[in-house]
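Reader: Got the model open. Can you walk me through how the pieces pack?
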Amino acid sequence: MCTMPSLNIPLPPCIFLVLFFLLISQRCCYGSYTPLGFDCSNTSTYSQNSSYPSNLNLLLSNLSNASSKNSYYNSTTGGEDSSETIYGMFLCLNDATKNQCQDCVSSATKYIIQHCPNRKMAMVSYDYCFLRYSNQSIFPEPNPSIFIHPDDSSSYVEHNPIPINVEPHRFRKMLRDTMDEIATQAANDRSGKKVATKETNFTNQITIYALSQCTPDLSTSACLKCLKTVITKFPVCCTGQRGARIFYPSCYIRYEVYSFYTTKTVPVPPLAPPPSKSKGHHDKMRKKVIVGTIVLIVLILLFSGIFLLRRWRMKKSKAPKMELSDDLLSGIVTAESLQYDFSTIETATNCFSAQNEIGKGGFGDVYKGELITGQEIAVKRLSRRSSQGVEEFKNEVVLVAKLQHRNLVRLLGFCLEGEEKILIYEFVPNKSLDYFLFDTKKQALLNWSVRDKIIRGIVRGLVYLHEDSRPRIIHRDLKASNILLDKDMNPKISDFGMARIFGVDQTEGSTNIIVGTYSYMSPEYAMHGQFSVKSDVFSFGVLLLEIISGKTIRTLYQEDGLHDLLTHAWKLWKDDRAMEFVDPTLINGDSKSLSEVVKCLHIGLLCVQNEVDERPTTALIAHILSTDSATLPEPNPPTSFKAYAGMKTINQLTNKSIPLPILQESITELCPR
């Protein structure tokens, strides 16, 4: 029988827990265990009848187990002389905590098996770690050049689309100097971790934060060569941007204009000369003062911990089960009828067993469960390390409990006991959109009829949130993994932990805390913290282009320069080559279907325009989709395009009239305010 984790902590551990929280502040988790990118294409496959599958399972199990104690680990299975030998490794990045490292590697092993079936080599990158395996040696010896200068297919690049507009030439030079410095520091890191960080003040408002890291098995010269190779890629992909990161198989560099790492790594200072005898008396006195001060601080903290522990136990004895406060209950309609006991949820999910786990997100894990009535449920158990606290929990309960629409996931209840914060949703059997859309084998299940139904359903849900809901809701984290699919492939928008409520007459808001998913953020939100219904429209535009192309927003294209998905779509549209952007599995459709695909591509490009007022509202998008023919305005280049092109080129392209190939009739008003 499983029971709720006990809160009756013994005295000594609890004291250390109190000291821990009093002495340090903990950084909130900013990333989610969702891959930044993975690569297993163009590799050979193995037979299920061979020993390769069992060797691979053993290798990944070894890597997952090792992550509880190591930030870097490599392993080999199958024997050196066997053709079924597999080499594997993982590296947790320097800003990952021990728990984040373990969770990240565990997620990577599961993801790589699911999304790279029967592949003899694969690589996956996350915010906190990257993991790879291969049937060829991936360790520096005996041929380090393979791993110091890999081809670009082995790398992963992500950048902030917003450029630095202040003295861009000086910024690029300062960034290059900073990168060269931390590359040398990491290569010569005497701790053996092969990592370095540096903060460089560019202006009074902008500071460059940079981090470089190699796998510890690289020699000093090999690490330096690998990092230098990465540095040469930044002018190609990310020149003048506000942030970027590049993964290579054996090294990694990242920079941002905000602090993204946990602690600073600094060069180890040289050994001090032995103290002279004349200073011996002063040194002894200084040591006594330091020891006395430490003892006094420890005693104060110890008694404070005992006092706090007794107060906590007294409160617990009076209220063994945590009840919702009046503040938390405010705004929740019939909250009592929505509240479940922890034991009920525990039983429904078979004690949150691994077999019942169906998803992992930034705020916690999701489990499939079955109530005693036979009703299937999805249980979102918020992580205790999650940055979503009581306020975000309240936000999601209040919002989703009030929202009733067929294209929004339905909240059945919640649980709040002890440290447990749990949301209970209707069970949606077909997982999320990204599960099908970005899998080369499952893509075929999404013909245009299905994708069209998904697009229209998402728009209906957004129209309800933006126009029909009272109060008005801004989702702020619309993306493929937050679109769930029911048994009939109808979409349901989920995950309202980041949503914001607007008043009846309110049209926009601002915040100093940027939340959501980087690649889907509108430029005004990512750069200035300004959000509105048009922020969701931008995210929908990104999602729409993903649905049409079958490619993730992080896909990069090399034609006449390095471009992301938005820029690639716009350039093909400008050159009357729109069908080259479309997922090939959709091209064999009839002419009416192709016309609808092109119309949706046009809508997507209108949604991701830089200027807020130029983007359509969701109500207008719904109207366009329901109209058989229409003439729409030409889309301007998306923000990501402006990050790469010069301003002269931008002006030329913006002023150019582009003929619309299919749509004819006009809509009189694009952006009603």
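This is a predicted model: local features need pLDDT of at least 70, side-chain atom pairs count only at pLDDT 80 or more; totals for chains, interfaces and linings use all residues.

Reader: OK, at what angle do α14 and α16 cross?
Author: Roughly 175 degrees, with the axes of α14 (residues 448-468) and α16 (residues 533-549) coming within 11 Å. The two are therefore roughly antiparallel to each other. Axes are lines fitted to C-alpha atoms, for helices over the stretch in contact, and angles run from 0 to 180 degrees between N-to-C directions. Helices (H or I, at least four residues) and strands (E, at least two) are DSSP runs, numbered from the N terminus.

Reader: Which residues of α14 and α16 meet?
Author: Among them, Ile 454, Ile 458 and Leu 462 in α14, and Phe 540, Leu 543 and Ile 547 in α16. Contact means heavy atoms within 4.5 Å.

Reader: Switching topic, what's the strand order in the open sheet?
Author: β1-β4-β5-β3-β2, with antiparallel pairing; two strands pair if DSSP finds at least two bridges between them. β1 (37-39) and β2 (72-77) stand at the edges with a single partner strand each, so one side of each has no neighbour in the sheet.

Reader: And how many bridges join β3 to β5?
Author: 6, between residues 86-92 and 129-134. Phe 90 has Leu 131 in β5 as its bridge partner.

Technical notes:
Residues are numbered from 1 along each chain as its sequence is written. Side-chain values use heavy atoms; hydrogens and water are left out. Angles under 35 degrees count as roughly parallel, over 145 as roughly antiparallel, 65 to 115 as roughly perpendicular and the rest as oblique.
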